[in-house]
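Please keep the sequence and the structure in view while reading.

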Amino acid sequence: MALLDRHRLDELGGRLQTVIDCVEGGGATLRDDLTILGVDDRAARQTRAAKEPDHTETRPGASDGAGMIAHIRVPSAPDRLKLVRAVVENATRLAGFNDVDINDVVLAVDESLQNVIRHADGGHYDGLMEVSLSRKGDILIIDIMDEAGPVDVSKIKPRDLDDVRPGGLGTHLINELMDSVDFLPAKEHGGNILRLTKKNRLKQ
Amino acid sequence: MEHEIRDENGATVVAFRGDVDLQSSPEARKVLLEAVARGTGVLVDLSAVDYIDSSGVASLVESFQKARKQDQGYVLVAVSEGARRVLELARLDKVFTICGTISQGFEEIG
């Protein structure tokens with residue numbers, strides 16, 4: 001899996017050849033047949049992306065250019081969260097959101113960064129975290145990026161709130177507070193990108 | 001985050017001020033568990049809390065459950081607007097006993 005992951009940006013044929021090279025490269029005599037089947041959903045993903053509204057474009061860095069509001073990069077540490085919250089609060093205010101929505105966006109970003117600090121690389125991630133805020137029409141787009149190992153998205157689920165216990169609320173809060181929450185395809189050099197969006201309903 | 005802890009009317013009052021976030025919640029948790037360990041009813045004053053996140057809420061839930069196991073009263077009083085919003089989103093506003101004022105909190109604990 002690590003091999004496939006390292007070559008996840010290659011075309012399918014290249015990825016298969018990488019596996020074949022790995023199998024053949026050991027120098028051992030090959031005695032059994034081996035069939036490798038690769039399924040690439042890249043074309044389907046492009047089709048899906050074409051059908052989606054502009055604000056869900058998968059390329060990170062939509063914050064470049066005219067829609068850019070703010071960008072901050074900090075070490076993955078709890079004592080930097082207050083600084084990020086201040087930037088997010090002011091950027092969201094600049095985008096014209098009301099106080100309730102501003103507080104909601106601040107909390108959602110904070111909880112997302114907490115997930116990086118607490119869970120990335122098994123809780124040992126000590127790299128950088130980036131938050132990029134941009135505006136496209138009346139949609140606020142927030143990309144939260146790290147350079148940690150790939151997140152297993154299937155394991156990120158909100159817990160049952162009827163089970164009252166300490167912890168595990170972050171994912172639920174993020175989903176409640178934002179209009180959309182999606183992991184984007186990783187950057188070329190790895191890492192994770194979580195995209196949050198929220199519509200400014202004052203501008204309807 | 002700053003906190004104050006005091007005995008009043010036979011109960012323990014814990015008041016937090018500022019941001020209860022991932023950086024400060026370990027301290028909040030320690031303070032709350034120490035308050036519960038005193039064995040009296042506990043009132044947690046959240047009137048001056050500017051910001052609370054899921055880690056701060058987790059500290060409240062843990063200390064509340066410990067108090068309940070020991071049949072101690074535990075109420076949140078004068079919950080700030082921001083803190084109430086988070087409790088509502090987490091659907092904990094129906095789990096905690098929440099009083100509008102500290103005097104109502106003392107009445108609730110009895």
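## Salt bridges and polar contacts

Between chain A and chain B of this predicted model, the count of salt bridges is four. One of the residues taking part in a salt bridge is Asp19(B), whose partner is Lys82(A), with the closest N and O atoms 2.6 Å apart. Counting residue pairs in polar contact between chain A and chain B, with both residues at pLDDT 80 or more, gives nine.

## The side of chain A that touches chain B

Three helices of chain A, namely H4 (81–94), H5 (99–119) and H6 (170–177), each supply at least two residues of the side that touches chain B. Of the elements on that side, H5(A) gives the most, contributing eight residues.

Taken as a whole, the contact involves 24 residues from chain A and 21 residues from chain B. The area buried between the two chains comes to about 1,900 Å², and carbon and sulfur atoms give 62% of that area.

## The sheet of chain A

In chain A, five strands form an open sheet in the order E1-E2-E3-E5-E4, with antiparallel pairing. Strand E1 (68–75) and strand E4 (180–184) of chain A are the edge strands, each of them pairing on one side only, and the twist from one strand to the next averages 15 degrees.

Within this sheet, strand E3 (residues 139–146) and strand E5 (residues 192–199) of chain A are joined in the antiparallel sense over eight bridges, and Asp143(A) has Arg195(A) in E5(A) as its bridge partner. H4(A) packs on the sheet, where it touches E1, strand E2 (128–136) and E3 of chain A, and the direction of H4(A) makes about 175 degrees with that of E1(A).

## The sheet of chain B

Chain B also has an open sheet of five strands, here in the order E1-E2-E3-E4-E5 and with mixed pairing. Strand E1 (2–8) and strand E5 (97–99) of chain B stand at the edges with a single partner strand each, so one side of each is left without a neighbour in the sheet.

Strand E4 (residues 74–77) of chain B runs parallel to E5(B), and three bridges join the two. Val77(B) stands opposite Cys99(B), which lies in E5(B).

Terms used
Residues numbered from 1 in each chain as written. Chains lettered and ligands numbered in written order. Predicted model: local features only at pLDDT ≥ 70, side-chain atom pairs only at ≥ 80, totals over all residues. Heavy atoms only, no water. Contact = heavy atoms within 4.5 Å. Buried area = accessible area lost by both parts, 1.4 Å probe. Salt bridge = Lys/Arg side-chain N within 4 Å of Asp/Glu carboxyl O. Polar contact = N/O pair within 3.5 Å; in protein donor to acceptor, adjacent residues only side chain to side chain. Helix = DSSP H or I, 4+ residues; strand = E, 2+ residues; numbered from the N terminus. Pairing = 2+ DSSP bridges. Axes fitted to C-alpha atoms, helices over the stretch in contact; angles between N-to-C directions.
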